[in-house]
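Open the structure in your viewer and keep the selection tool handy. We will go from the whole chain to single strands and helices, one stop at a time.

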Amino acid sequence: MNTIPNRQVICEVLTAAAAKDRDIVVLCSDSRGSASLGPYVAAHPGQFVEVGIAEQNLVSISAGLAACGKKPFAVSPACFLSTRSMEQVKVDVAYSGTNVKLIGISGGVSYGALGMTHHSAQDIATMGSIPGMRVYLPSDRFQTRALMEALLADPKAAYVRVGRNPVPDVYREESVPFTFNKATLLQEGTDLTIIACGEMVHAAKEAGALLADRGISARVLDMYCVKPIDRDSVIRAARETKAIITVEEHSVIGGMGAMVSQIVCGEHPVLVRNMALSDAPVVTGVSKEVFDHYGLTAGGIVKIAEELMRLA
Amino acid sequence: MNYKELTSKSFALRREVLELIYRGGGGHFGGDFSVMDILVTLYCLHMNVSPENQDDPGRDRFILSKGHSVEALYAVLADRGFFPREELETFSRYGSKYIGHPNNKINGIEMNSGSLGHGLPVAVGMALAGRMDGAAYRVYTVLGDGELAEGSVWEGAMAGGHFKLDNLTAIVDRNRLQISGSTEDVMAQDSLDDRWAAFGWHVLHASGNDIASLDGAVTAAKAHRGGPSVIIADTIKGCGYSAAENQAGWHHKVPTAEQYEAIKAELEERRVNAL
């Protein structure tokens, strides 16, 4: 089992990049520990800004730096960054067009028993509804690296959400298929399509294998690019398979599943089932317990897939 | 230009604001008229920014944090040549980029604002960038006094003080009125000196509708080392039209035809008398 969390990979990428590019600045809101930023701060103290526990300030200061040619990465728990700072993201980043990369760490239900204050089950909805903001939820450490390399070379704002704990590898170090802003096809299939993002991709991949054993041919897509969502892959899935399941660590309202449903309804209606967190405070537990509780597991996906195959 | 000429210009530019609001059918009259002398002082006497150097990384930066006073900024920017005055005829019209709050699609405007409480923290980021790059530029932002109730202002103030950003100057347009009435009744702002000083700021005062007084305060702010400066500029809301002065009701009032003529006449008189 992999022991490297995605946030650590982000720190590694930024530490290496900042050595070559003096304009890279990492900012945090008393979150350098949570963000595994220790090595970055040690290597580049002059390219690091601590703003204290003040997430609105974090985003506005980042925007000011970006407006003067810096390339800021604002790193803060996803729960605070995506809701408390939402207006700063809307006005100072997206509307003003500043190149700020917002890195939401310990996202989703990573903080487990700390409760709803610390869960970010609304970040796709909040960040995604802002014109000019892009939203990415990478699935594993290898894809996180590929995504961060792509974002380093890109001059526009984006929000990235990663979890707190190490997650199982979806890809292999020597094989990380990645096209920026295109979903990654993990398994070809003709009966139905499973579209997942973030930490749910691993469960979707497992479900694809389990379904194959049961004679159901499932296409599995890693939709790490939640916005801009890969419309073409979604439309192809609707045309070429009989049903679609979306799986995400987010509220069922306003998430990736809602975006997929909107596209499918408008382009080629097929049955779509959104697997997500319910519109209620999340049950207490560590991530695995929470996912089990809401059926956000390979087994849960298989169950829904079989049901859809009976209906489709 | 000497102070008399700048004062005269300031009344002439209020006339431009009057035209914008009257023809556009909306705007923030009271705050535009209170802030005008501050903007004229910054753009005509202090800031190293012009249409010629607006893309130069070394230019001074300005953010109108009280973005609703954009009509005053438009008048000043047009006067400084950032865009042709005629473009302002589209103000508030369908499809225009000249909207009711600052928009950085317009030459001379650095950041979008309009939601209060954003300008100071963004200015802190700009000042930090300048320090990191060893650049000589200065960063200015103008806040409203009602705006000081926004908590994010004080997050920015805290950071400006903490980082000792002596390349940063904030100016408070202290006209003592906001949309609902007196700032002291809505949410008291007095002891402002103590508040800013407690956050590590060098506090200066100016008579905010007096160009000579403003020039002195900005000059002192630029000379101050070791931390950011704030200028509490005591202004008169609606300054330039006697019937609107110190009247909260003129916060975003659109003048009637009769008022329009009266304002025009008084501004012209004051423009001439200033010389």
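Start by marking the C-alpha centres of domain 1 and domain 2 of chain A: in this predicted model, these centres lie 26 Å apart. To colour the two parts, select residues 6–161 of chain A for domain 1 and 184–311 for domain 2.

Next, select the contact between them. Domain 1 of chain A contributes 21 residues, and domain 2 of chain A contributes 26 residues. On the domain 1 side, show helix H6 (123–128), strand S5 (135–136) and helix H7 (141–152) of chain A, the elements that each give two or more residues. H6(A) gives the most to this side, with three residues. Colour this side of domain 1 by class and you will find 11 nonpolar, eight polar and two charged residues.

Now move on to the sheet. Five strands of chain A make an open, mixed sheet, ordered S7-S9-S8-S11-S12. Select 184–187 and 271–277 of chain A for its edge strands, S7 and S12, each of which pairs on one side only. From one strand to the next, the twist averages 20 degrees.

Zoom in on S8 (192–196) and S9 (218–222) of chain A, which pair in the parallel sense over five bridges. Pick Thr193(A), and you will find its bridge partner, Arg219(A), in S9(A).

Then select H10 (256–267) of chain A, which lies across S8, S11 and S12 of chain A and runs at about 150 degrees to S11(A).

Notes:
Residues numbered from 1 in each chain as written. Chains lettered and ligands numbered in written order. Predicted model: local features only at pLDDT ≥ 70, side-chain atom pairs only at ≥ 80, totals over all residues. Domains from an automatic or database assignment. Contact = placed C-beta atoms within 7 Å. Helix = DSSP H or I, 4+ residues; strand = E, 2+ residues; numbered from the N terminus. Nonpolar A, V, L, I, M, F, W, Y, C, P; charged D, E, K, R; others polar. Pairing = 2+ DSSP bridges. Axes fitted to C-alpha atoms, helices over the stretch in contact; angles between N-to-C directions.
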